[in-house]
Amino acid sequence: MKKIFLILIFIYPLFSCEDVIDVDLNESEPRLVIEASINWFKGTQGNEQSIKLSLSAPFFEENVPPASGAVVQVFDLNNNTFDFIEEGNTGIYRNDNFIPTLDAIYTLNVLYNNELYTATENFKSVVPIEFIEQTNDGGFSGEDIELKAFYTDPASVKNYYFFEFLSDISVVPNLEVYEDRFTDGNQIFGYYTEEDLEPGDVVTIRNYGISERFYEYMFILLQQGTEENGGPFETQPATVRGNCINQSNPDNFPFGYFRLSEVDELVYTVQ
């Protein structure tokens, strides 16, 4: 009986109940989130564009509330005005007569809750993706598939690139930014690898031309989002501000960025 009693003492903790801990997080007033990415894919007219407006929400909130009822317009220096009309109450605003012009300057105006938000940005061009190189001995195991998307950087011009890799392997796309400070005028590549990538998987690779300011903005965001900088409960060093400004109430600044990019897309089937 003594032996049985001791065994029960050691086994009991293994079957004890776990307490559910509710994390009480501080909540701030919702801010406007502006996802205004004007993308002109090579080989298309680029006239159909959309802008998404939403409100910031608590960390554990599953649904992101849309910012409905806004007036959204984009202007160029040729006195063209492009009205973006909301689809229902989705917070997604669309325009089907946009005129993309590389290297031109555009201004975004968003009127929401009687406050005016503005942003100005250049429409940046991008060089094409020339070819994909695949290796099958990458990663720590030496068995991971790696893809390199090669492109040639124009010489004597500052260029910044934003790569997006999409596949069915990961729900969240893989994002990378590059500059040409040390590779000016050379052939270089965007890099992608995924542990579960296998032959037959399809990867969509997109290269966006971006401004220096967007490069810096995205570089900081990607750095803060890496595993080395902590998990989701890690305190971020600072709030990353985009190029959108609240002209009516500067203290109520929005999140997000107004970006205009030429895009080259290549769909690759893993060998």
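Q: Why is D180 called buried?
A: Buried means under 20% relative accessible area, with exposed over 50% and partly exposed in between (1.4 Å probe, protein chains only). D180 has 6%, so D180 counts as buried. A heads-up: this is a predicted model, where local features need pLDDT of at least 70, side-chain atom pairs count only at pLDDT 80 or more, and totals for chains, interfaces and linings use all residues. Residues are numbered from 1 along each chain as its sequence is written, and side-chain values use heavy atoms, leaving out hydrogens and water.

Q: Where does D180 sit?
A: Look in the loop between β11 (174–179) and β12 (187–193). Strands here are DSSP runs of E, at least two residues long, numbered from the N terminus.

Q: What is D180 in contact with, leaving aside its neighbours within four places in sequence?
A: Contact means heavy atoms within 4.5 Å, and D153, P154, V157, K158 and N159 make the list. Take D153: it lies 27 residues from D180 along the chain, yet their C-alpha atoms are separated by 7.3 Å.

Q: How do you know that β9 and β12 pair?
A: Two strands pair if DSSP finds at least two bridges between them. Seven bridges join β9 (residues 144–152) to β12, and the two run antiparallel. F150, for instance, stands opposite F189 in β12.

Q: What makes β8 and β12 the edges of their sheet?
A: The open sheet has the order β8-β9-β12, with antiparallel pairing. β8 (131–138) and β12 each have a single partner strand, so one side of each is left without a neighbour in the sheet.

Conventions. Helix = DSSP H or I, 4+ residues; strand = E, 2+ residues; numbered from the N terminus.
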